[in-house]
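Biologist: Before I plan anything around this protein, could you take me through its fold and its interior?

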Amino acid sequence: MAIDRIWSYAPDSGHVEGQDLTGFTVAATDGTIGHMDREAAPHGMRHLVVDTGVWVFGRSVLVPAGVVIGIDTQARKITLACTRGDAKEAPRFQTDSETRDREYLTAVGDYYDRLPPRETASV
C-alpha cells in the first residue's frame with residue numbers, strides 16, 4: 001500500500017462519504033479488536049480511533065483509513081487488513097492531541113504501510 005493512500009479509504013472498501021461509523025465493531029483478519037470511537041482527518045490524514053475495551057488494557061488504537069478493507073453497514077462491522085497483533089504493536093496512542101500531531105500520524109502511517117499484505121478471513 002503506498003503511503004499516500006494509507007490515509008484514504010480504498011474505493012472498494014464500502015466507505016460512503018459522510019457515513020457515521022461510530023459504534024461499528026472493528027475486526028482484524030484474526031478477530032475483533034474493538035469498536036469505532038471516532039474518525040478524524042487532520043492534515044488530510046484520515047484515521048479511525050478504535051476503543052479496544054479490555055483487550056489492550058482499555059486503551060485505544062489509531063488506524064489509518066487505508067487499512068480498512070471492508071465496511072458492512074448491515075452488520076455494523078469494519079474489517080481491517082492487519083492482525084490483532086499488528087494493531088496492538090502500532091505506535092502507542094496515548095492522548096487525543098495525537099490525533100492532530102503530524103509527526104505521530106506519520107509514524108503510524110509508516111508503521112501500517114510497512115506491514116505485509118494480508119488475506120482476509122472470516123471473523
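Biologist: Which residues is L80 in contact with, leaving aside its neighbours within four places in sequence?

Modeller: This is a predicted model, in which local features need pLDDT of at least 70 and side-chain atom pairs count only at pLDDT 80 or more, while totals for chains, interfaces and linings use all residues. Residues are numbered from 1 along each chain as its sequence is written, and side-chain values use heavy atoms, with hydrogens and water left out. Taking contact as heavy atoms within 4.5 Å, and leaving aside neighbours within four places in sequence, the partners of L80 are V26, A27, A28, T29, I33, V63, V67, V68 and I69.

Biologist: In what order do the six strands of the open sheet lie?

Modeller: Two strands pair if DSSP finds at least two bridges between them. The edge strands, each pairing on one side only, are β4 (60-64) and β5 (68-72). The pairing is mixed, and the order of the open sheet is β4-β3-β2-β1-β6-β5.

Biologist: At about what angle does helix α2 run to β4?

Modeller: Strand β3 (residues 47-51) pairs with β4 in the antiparallel sense over five bridges, and D51 stands opposite S60 in β4. Helix α2 (residues 102-114) lies across β3 and β4. Axes are lines fitted to C-alpha atoms, for helices over the stretch in contact, and angles run from 0 to 180 degrees between N-to-C directions; on that basis α2 runs to β4 at about 70 degrees.

Biologist: Which residue takes a positive phi in the hairpin of β5 and β6?

Modeller: Strand β5 and strand β6 (residues 77-80) run antiparallel and are joined by four bridges, with D72 opposite K77 in β6. Four residues lie between the strands of this hairpin, and the one with a positive phi, near 55 degrees, is R76.

Biologist: Does Q19 count as buried or exposed?

Modeller: Q19 is found in the segment before β1 (25-28). Leaving aside neighbours within four places in sequence, Q19 is in contact with G14, I71 and T73. Because its relative accessibility is 17%, Q19 counts as buried.

Note on methods: Helices (H or I, at least four residues) and strands (E, at least two) are DSSP runs, numbered from the N terminus. Buried means under 20% relative accessible area, exposed over 50%, partly exposed in between (1.4 Å probe, protein chains only).
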